[in-house]
Amino acid sequence: MTAPHFPYPPVVDDGVGDPDGPRDAPGDDGYDRLTEGPAAGPDQGPPDGRTDPADPAAGTESPDGGEADEPDEPEEPLDSGDVIRRLADLLGGSTIGLGDVRVRGQNATGHGAVAIGTVNVTTAGTDGTGRIWYESLSGNEVRELAEGYAPAPSDQQLDRHLKRRHLVCLSGPSSSGRFTSAVLATARRHGLDRACVLGAEQPADLLGSSKRLPAGRGYVLRLADTAANAVDGFTLVALAARAEATGMTLILVGDFSRRGQDLAGHVVEHRVPSAVEVFRARLRQQLTGLCVGWCPDGCDGTCVERYVDDACVTHPLLSAYLAGEPRPDEVVPVVELIARTVPHGPALTERLEQLLPRQLRERATQILDAGRPDGPDGVDGWAADQARAFRLACAVLAGQPVTEIHQAARRLAGADPTGITPTGPRLRGPEVDTLLGSTLRQAVVVIGDERATGGRRIEFAAGSEQLRSTLLEVAWTDWWLPGQLLGWLADLVRSDVPGIRQAAAGAIGWSAGRDVRAALETVGDLARERRAGVRQAAAIALVAMAMQPGLRQRVRTELDQWAAGPAAHLRDTVARAYGLGLARLWPDAALMQLRLVAQARMQRRNNSVVRGLVEVYRNGHAATLVPELVDWTASDDPEVRLHAARTLRVLADRWAEPPREHWPELLDLVRRRIVGPGDVAALWAVALGMPQTAYRSWRTLGFWLNRADGNPEVASQCLALLRHVIAGRPPLRHRLDHQIRHVWRPIMPRNDLLDAVHALIDEDLS
């Protein structure tokens, strides 16, 4: 018969523990935060979460190894897998040189000449005053343009507008392919040989022309941002009337995103197909008429399709590049590079490795060069240094609220050295767009989130992660001194916002690839801080350093020195680094260094050592960890024995993966002979007998018995383990007898397994 639900189930269901999660006893959680109080007496109740004030060893140590009475601050629980995933985004993962921008509102590449701003013409003319001019594209050029064009989702909407109106504003960011889309729209409307490119400083100049433009044609007028912002409704109405009277079509191409409501009804938002389709269309057009597959019986063109889809689009470097949705003027040279020699296999890889990183750095340089008056990302009304700092802060603090990013940028630019959050009005959408600039705006997403300060967050779009590290690289080499950047990042790590601290720590870890000594000095200063959240961030920086293969030996040497040194906070940071992911890299070093850290009395109030040990266990090293913990239980140092017991108590809360979820994970490892029953029993004996861990350990053991009742296989393993636990240990045998009679039996009256457990006591007595 299955017993009723045990009233004290384990708090932790992920095997790591949540210091801020639900608690089923005062002061108790997935880890033992403090000592649980003596548990030797049979009437011992739940702990109150406080240490004995008379205990001279209850205090924590100072950074210099002395005693400090002040308690540490609460810290945000982190999962090592989440930390490593976020750092991998910043560090670029295991690959380099991949394109990385997701473009919003971008169109296909179209013809290479048009995409990069060179237009082939057959005839040209002016209005006689010199203020406007026009060029007629040849039918062959437009036809070739269409052959390499990937249709945009906005094309149909643009065609519908042109059927109803003679003037349309096609809105999209610069270098997005909007001009190509407009030219082909006029060709579809009027014919391949009646598409024209129009030039004028201002749209109003078209109203005052003394000689009308040829009628019955389609004209495309490209406007700079200042001109697009200056267009007024009256001018549009007058231009539309003139176009209708002459039977022509006029498309104004520019960035009208700030004028959407003012010019409602006239604006079509330019939208882009996937970069993969853009690449396919352009490369197919470039390879038309060529045999690229050494066809033995005559080429029918299918080898081009196979080369485009099988050799190029699925290539790891190119696939990742296209997933970032690069701009058309970036895709065009990639296509032309491939089409020039049609490389296969290693040759294609070599070409891509040469081109793609260079493109990425050029884009990052353009983003940070905010002071160029002729650039698409220059600022108007905002200081260039503030815009540059804001863009770098976006790379460092991706995922954080806009107000926090703006505040960090002000501190970097020197406009806000105090670090006090301003209480002024929020940044409006147009102001954010100006600070971002068009290139970075295409790579990020501004998300409305009322939970965030200011109501909005900035995140890099999928595939754009590599741009973050490239922006840091350009900032490090071209714009700021390394000491200035590291000082700024260290100030952010000391922030009160956990997300800011962790993101800045990742950037410090990245910087070690450029100056490992300066980065380690910065991390060392942070690791000596009394605040737990700052030490946690310092540990994240160490993990980020170790994720870079060239820095691992240097980081390993530093951790050896910290773990063996006298500074308690440095040792605590070492344990935190192993708990946040380093144990995956160096499990053997983790066990050695964590034992040194465990000797510090400061760790009585911290769970850093236990988290590091659990991380070793979680990553497939249970067979090494469990015997090592048994060795800890024989140590002459009471602190080391305490951490062995605490670790067992946390591991006992873990349950096996389906389909064996009814098994305690440790017991399942015994069944599979990965760990020895004697070792697990020795750890249980220490955890059940130590006053600091006894209360929770007995409760967890009761939950094991509750779950095992009615499952003969699990029950037999539990009995075998308990036989090892109490063998030769009279105090534990007496305590087990008390637990059965006075604790478990009253709350599990129909648990048949308890009778078998009680028989073990009699068996041991005999």
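**Aromatic pairs and a helix crossing**

Trainee: Is tryptophan 655 buried or exposed?

Mentor: Tryptophan 655 is buried, at 18% relative accessible area. Buried means under 20%, exposed over 50% and partly exposed in between, with a 1.4 Å probe and protein chains only. This is a predicted model, where local features need pLDDT of at least 70, side-chain atom pairs count only at pLDDT 80 or more, and totals for chains, interfaces and linings use all residues. Residues are numbered from 1 along each chain as its sequence is written, and side-chain values use heavy atoms, leaving out hydrogens and water.

Trainee: Got it. How many aromatic pairs are there?

Mentor: There are four aromatic pairs in the structure (ring centres within 6.5 Å, using the six-membered ring of Trp; planes under 30 degrees apart are stacked, over 60 edge-to-face, the rest tilted).

Trainee: What does tryptophan 684 pair with?

Mentor: Tryptophan 704, again edge-to-face, at 5.1 Å centre to centre and 80 degrees between the planes. Tryptophan 684 belongs to helix α28 (residues 677-689) and tryptophan 704 to helix α29, 20 residues apart. Both of these tryptophans are buried.

Trainee: Switching topic: which ring does arginine 388 sit over?

Mentor: The ring of tryptophan 479, with the charged end of arginine 388 at 3.8 Å from its centre. "Over" means NZ of Lys or CZ of Arg within 6 Å of the ring centre and within 35 degrees of the ring normal. Likewise, the charged end of arginine 671 is over the ring of tryptophan 663, 5.5 Å from its centre.

Trainee: And how many helices and strands overall?

Mentor: The protein chain has 32 helices and eleven strands. It runs to 766 residues, of which 55% count as buried.

Trainee: Nice. Which residues of α13 meet α14?

Mentor: Among them are Asp385, Phe390 and Cys394 in α13, while the α14 side includes Val402, His406 and Leu412 (contact means heavy atoms within 4.5 Å).

Technical notes
Helix = DSSP H or I, 4+ residues; strand = E, 2+ residues; numbered from the N terminus.
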